[in-house]
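Work through the exercises below with the sequence and the structure in view. Try each task before reading its solution.

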Amino acid sequence: MKKFLIFAMAIVAPMVGHAQEELDSLLNAGYEITKTYTDEEIETHATMPEFPGGSQALREFLRDNLKFPSIAAVYGFEGVTHVQFVVEKDGTIDNVVVSKCTADSKAEKFLKKNMTKQQEIKQKVTAAFAKEGARLVKKMPKWKPGNLDGQPMRVNFTLPIKFRLKGIK
């Protein structure tokens, strides 16, 4: 048994030394070694912010308060505006910014216009969607704040707001 143990140590020891050399070369080359933790090792309890009454109440708030821009209705535009904001520790909304806004129309009234006029109309509609999306978010009541391990915390949130014409899905 002693011969086997000595033989095994003779084989494994150089392998460990070689592995350490590889690790050292990776670190010297600028690689960062990180540790991955399992769910058992880290146990945190986090909750995301919530609109008062939940997601259904949020949809109702948006539906009841959204003012569809008239220029968008005239030219048959629909779109989506992504509004980013911070839900503060007390649930108030802050730092409202439109991060993305899309608009598109297949209406004949729009498509009959020349390209320059189409671009001008689309820019106005996109700006109107962005302005309305930001107005809606700023009008929201206080949210239930997010928390981490029972402590309220500031949370960045992105809300897509869809602009759809009635009767079109």
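**Exercise 1. Find what covers the buried residues of α2, and where on the helix these residues lie.**

Step 1. The cover over the buried residues of α2 includes α5 and β6; this rests on contacts, that is, heavy atoms within 4.5 Å. Helices (H or I, at least four residues) and strands (E, at least two) are DSSP runs, numbered from the N terminus.

Step 2. The model is a predicted one, in which local features need pLDDT of at least 70, side-chain atom pairs count only at pLDDT 80 or more, and totals for chains, interfaces and linings use all residues. Residues are numbered from 1 along each chain as its sequence is written, and side-chain values use heavy atoms, with hydrogens and water left out.

Step 3. The buried residues of α2 are A57, L58, F61, L62 and N65. Because they cover an arc of only 140° around the axis, they lie on the same side of α2. The arc is that of the directions from the helix axis to the C-beta atoms. Buried means under 20% relative accessible area, exposed over 50%, and partly exposed in between (1.4 Å probe, protein chains only).

Step 4. On the face of α2 turned away from the buried side are the exposed residues R63 and D64. The relative accessible area of R63 is 59%, and that of D64 is 54%.

**Exercise 2. State which residues of the largest nonpolar core touch the most other members, and which element gives the largest share.**

Step 1. A nonpolar core is a set of buried Ala, Val, Leu, Ile, Met, Phe, Trp, Tyr and Cys residues joined through side-chain atoms within 4.5 Å. In soluble globular proteins, nonpolar side chains tend to be buried together.

Step 2. The largest core has 25 residues, and F77, F85, M140 and W143 touch the most other members. Two or more residues each come from α2 (55-65), β2 (77-87), β3 (93-105), α5 (115-139) and β6 (155-163). Helix α5 gives the largest share, five residues.

Step 3. Take F85 as a case. Leaving out residues up to four places away in sequence, the residues that F85 touches include I93, V96, V137, W143, F157 and L159.

**Exercise 3. Give the strand order in each open sheet.**

Step 1. Two strands pair if DSSP finds at least two bridges between them. From one strand to the next, the twist averages 15°.

Step 2. Antiparallel strands β2 and β3 are joined by 10 bridges. Opposite V83 stands V98 in β3.

Step 3. Helix α5 lies across β2, β3 and β6, at about 145° to β3. Axes are lines fitted to C-alpha atoms, for helices over the stretch in contact, and angles run from 0 to 180 degrees between N-to-C directions.

Step 4. Another open sheet of three strands has the order β1-β4-β5, again with antiparallel pairing. At its edges stand β1 (46-47) and β5 (151-153), each with a single partner strand, so one side of each has no neighbour in the sheet. Strand β4 (residues 146-148) is joined to β5 by three bridges, and G146 has M153 in β5 as its bridge partner.

**Exercise 4. How many salt bridges does the structure hold? Describe those of R63, K106 and E120.**

Step 1. A salt bridge is a side-chain nitrogen of Lys or Arg within 4 Å of a carboxyl oxygen of Asp or Glu. The structure holds seven.

Step 2. R63 pairs with D64, the closest N and O atoms being 3.2 Å apart. For K106 and D104, the closest N and O atoms are 3.1 Å apart. K106 is exposed at 67% relative accessibility, whereas D104 is partly exposed at 43%.

Step 3. E120 pairs with K124, with 3.6 Å between the closest N and O atoms. Both lie in α5, four residues apart, about one turn of the helix. An α-helix has 3.6 residues a turn, so residues three or four places apart point the same way.

Step 4. E120 is partly exposed at 33% relative accessibility, and K124 is partly exposed at 47%. A network of salt bridges links K117, E120 and K124.
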